[in-house]
Amino acid sequence: MRETETITLEINGRRREIAAPPNQTLLETLREHGYFEVKSGCEKGDCGACAVLVDGEAVDSCLTLTGTLEGRAITTVAGLKRGEELHPLQAAFVKLGSIQCGYCTPGLIMAAQSLLNETPDPGEEDIRLALSGNLCRCTGYTKVFDAVQEAAQVLREEESGL
Amino acid sequence: MFAEFDLVMPGDLDEALDILAEAGGDGDAGILPLAGGTNLVVDLRARRIRADKLVGLGRIAALRGIERSNGRVTIGAGTTLSDILRDPGMVEAAPSLVDSARVFAGQMVRNTATVAGNVCCGSPAADTVPPLLSLDAEVTLAGKGGTRNVPLADFFLGYQEDERRPAELVTKIAWDAPKPKSANLFYKLARRKGDAITVVGVAVTVAVEAGKCTTARIALGAVAPVVKRAREAEALLEGEALTPELIEAAARQAAEDSSPIDDVRASADYRRHSVHALTRRLLSQAWAQVTEGG
């Protein structure tokens, strides 16, 4: 066993000191520490189920070694929730039926959030490009695209104080 | 849990080169640089690659950034595929590279994977390589003894073999921005736009002066042990006006210049046919752009 290092991460706004062996992925670290909303799918960067934000940008946590992330801020889908209220992306996915089995949903929402962080008013092509690394085998993608559009609008209205 | 290794995160380039040179100056195949890791982590997990120590490049500021000056475009080795898409100047500075970034894996991989890493993985299907070859890109390699520049066209020596020595790092990739009267296009043939491995990738550059093609580049992906230029096909075009007959002849030559294999994604025959069809299509589009677009 190689030497385990202590890594400081901010996870969902909370600072945590985490011991991780050098070959541990962020996916393994997060699930080991109870962040079960982060899903393990293909474990090779094809399916996007494990997507989380690192400093606001979506990455596949299965491809990211925890030891490379000292001092970085991690957001999981649970970290988007605003107290007892759902985040607009979460609410739109529920409202528009963009979820069936739900396994791909956390990753889809994080990929969408990463898009909206940069592009608050995305067109359909932007959304398709942003979600091209997320596989859903149940519902198809149309309702997912609709939910991202709707959430984007809600977030823009919040932003402009309407 | 997968194979065990050490991970170090040097803060600057010198420190990284010191670590890579640890095992006696020439480097050690067991010490590997880790860029985005989107291939390497998967290969380590599957035990296709063995490493004793990874040198993470994520904290090295000198590897970041995109520069444009006097028509020369330089991207640091830390430049991700998303950085290429985000930079508004890239559409003019490297149209084919932008085309390839848009069909490269998915968002999360694009946010992490670097262009230099894609080059160094040595895959014949690497999507950024045909565009970079069509732009006559040059790779800068740094080692303890200094730096050297290698044309990308000379970088690949054989299947997953390249010019980089184990103790060297690719620090940047540079090319001249396309001339005003030129076209630079890429097409990736795959089962879908995102999240798919390339069956055939073709990039072309066509520059024109006084009605004649002055520069022709045709770069072919996934049809040989390395991504390569179809030099004999290029030679047919330079100095000529690109008539449909000449374009057809060059496309046929490009198919002959390729040496594809049968695999799970396509047969060799289909790949050869696709090189022919895509080269013809891209050359026709490029010629139309440079002659009609003014």
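Two strands pair if DSSP finds at least two bridges between them. Strands here are DSSP E runs of at least two residues and helices are H or I runs of at least four, numbered from the N terminus.

This is a predicted model, where local features need pLDDT of at least 70, side-chain atom pairs count only at pLDDT 80 or more, and totals for chains, interfaces and linings use all residues. Residues are numbered from 1 along each chain as its sequence is written, chains are lettered from A and ligands numbered from 1 in the order written, and side-chain values use heavy atoms, leaving out hydrogens and water.

**Exercise 1.** Work out how β4(B) and β5(B) are connected.

*Solution.* 
- Start with the strands: β4 (residues 66-69) and β5 (residues 72-76) of chain B pair in the antiparallel sense over four bridges.
- Pick one bridge: Ser69(B) has Arg72(B) as its partner in β5(B).

**Exercise 2.** Decide whether Ala91(A) is buried, partly exposed or exposed.

*Solution.* 
- Find Ala91(A) first: it's in helix α2 (residues 88-95) of chain A.
- Check the scale: buried is under 20% relative accessible area, exposed is over 50%, and partly exposed is in between (1.4 Å probe, protein chains only).
- Ala91(A) comes in at 32%, so it's partly exposed.
- For a bit of context, Lys81(A) is ten residues away from Ala91(A) in sequence, and their C-alpha atoms are 9.8 Å apart.
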